[in-house]
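Hi,

Here is the structure I promised to pass on. Have a look at it first, and then read my notes below.

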Amino acid sequence: MNEKQRGILLVLSGPSGVGKGTVGKKLRASDDNISFSVSVTTRGMRDGEIPGVDYLYITEEEFAALEKEGKLLESALVHGYHYGTPEEPVDRQLAEGKDVLLEIDPQGAQTVIRKRPDCVSVFVLPPSWASLRSRLEGRGTETREQVETRLRNAREEVKTVPMYDYAIVNADGPEGIEKAFLSLKAIVESEKYRTSRYSGLIPEE
Ligand code: 5GP
């Protein structure tokens, strides 16, 4: 069978603190054909982040203009800041045959699942609520009140799991991350063999 050239649109989502960034980063490091969609955000740059690599940092006015012009595939207000996925680079890279990874919050993921029914959506679950709490507390970037809000949101977000194609668990420790990464890799690998991604033609001799 001849492979179609179009890449896979991979949506990786899950609650705040679950570690989707860590798992996504391992996937990207393991596969040259995966390209990361750089989001726009109105939040400030954190230490160690690189503009244009981690995010494109823009003002509220610039964000509003992108939304108005219909340039975002999805957008969401997450913890008080706007985030969005520029649509053009996603489609350009898919057309080039690259698989495109979106690491986005569950609100944005719902939008992409609705707008792009051919996407492959994966929800990352924590092994327990206690574990999610200790991860959020451990990173020390949120106040106690913010941790409680994120945990409350997470309980709502996991109710949307049935809308995703797959769910994987990111268990504690390095083995947990490795297992989640291997699960994600297996998903991407098997998705490549979907009959809908092939022309179904056997080349003539
Ligand atoms: P952080 O500010 O910690 O990098 O990200 C906060 C949350 O926003 C994370 O859950 C992250 O996955 C999500 N996020 C990052 N980029 C986007 C985006 O383009 N769209 C949406 N909906 N969420 C995003």
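Val 78 has Tyr 81, in β6, as its bridge partner. Before going on, a word on the model: it is predicted, so to speak of a local feature I need pLDDT of at least 70, and side-chain atom pairs count only at pLDDT 80 or more, while totals for chains, interfaces and linings use all residues. Residues are numbered from 1 along each chain as its sequence is written, and side-chain values use heavy atoms, with hydrogens and water left out.

Back to β5 and β6. They pair in the antiparallel sense over six bridges; two strands count as paired if DSSP finds at least two bridges between them. The two strands make a hairpin with two residues between them, and His 79 in the turn has a positive phi of about 50 degrees. Five of the seven residues of β5 are buried, so this strand is mostly covered. (Buried means under 20% relative accessible area, exposed over 50% and partly exposed in between, with a 1.4 Å probe and protein chains only.)

Both strands belong to an open sheet of four, ordered β4-β3-β6-β5, with mixed pairing. Which strands stand at the edges? They are β4 (55-57) and β5 (72-78): each has a single partner strand, so one side of each has no neighbour in the sheet. On average, neighbouring strands here are turned by 25 degrees against each other, direction ignored. (Axes are lines fitted to C-alpha atoms, for helices over the stretch in contact, and angles run from 0 to 180 degrees between N-to-C directions.)

At the other end of that order, β3 (residues 39-41) pairs with β4 in the parallel sense over three bridges. Thr 41 has Tyr 57 of β4 as its bridge partner. Helix α2 (residues 60-68) packs on the sheet and touches β3, β5 and β6 (81-86), with its direction at about 140 degrees to that of β5. Helix α3 (residues 87-95) also packs on the sheet, where it touches β5 and β6, and its direction makes about 30 degrees with that of β6. Contact here means heavy atoms within 4.5 Å.

**Around the tyrosines**

Ile 50 sits in the loop between β3 and β4. Is it buried, exposed or partly exposed? Ile 50 counts as partly exposed, because its relative accessibility is 46%. Leaving aside neighbours within four places in sequence, Ile 50 is in contact with Tyr 55 and Tyr 57. The whole structure holds three aromatic pairs; rings of Phe, Tyr and Trp (its six-membered ring) pair if their centres lie within 6.5 Å, with planes under 30 degrees apart called stacked, over 60 edge-to-face and the rest tilted.

**The five-stranded sheet**

There is also an open sheet of five strands, in the order β2-β7-β1-β8-β9, with parallel pairing. Its edges are β2 (34-36) and β9 (166-169), each with a single partner strand, so one side of each is left without a neighbour in the sheet. Three bridges join β2 to β7 (residues 99-103), and Ile 34 has Asp 99 of β7 as its bridge partner. Helix α1 lies across β1, β2, β7 and β8, at about 165 degrees to β7. Helix α4 (residues 106-115) lies across β1, β7 and β8, at about 150 degrees to β1.

A nonpolar core is a set of buried Ala, Val, Leu, Ile, Met, Phe, Trp, Tyr and Cys residues joined through side-chain atoms within 4.5 Å. The largest one has 22 residues, and those that touch the most other members include Leu 10, Leu 27 and Leu 184. Its largest share, five residues, comes from α7. Leu 184 touches Leu 12, Val 23, Leu 27, Val 122 and Ile 168, not counting residues up to four places away in sequence. Apart from this core lies another, of 15 residues, among them Val 11 and Val 100.

Finally, Lys 26 lies over the face of Phe 181, 5.3 Å from the ring centre, and Arg 28 lies over the face of Phe 36, at 3.8 Å. (A charge sits over a ring if NZ of Lys or CZ of Arg is within 6 Å of the ring centre and within 35 degrees of the ring normal.)

Cheers
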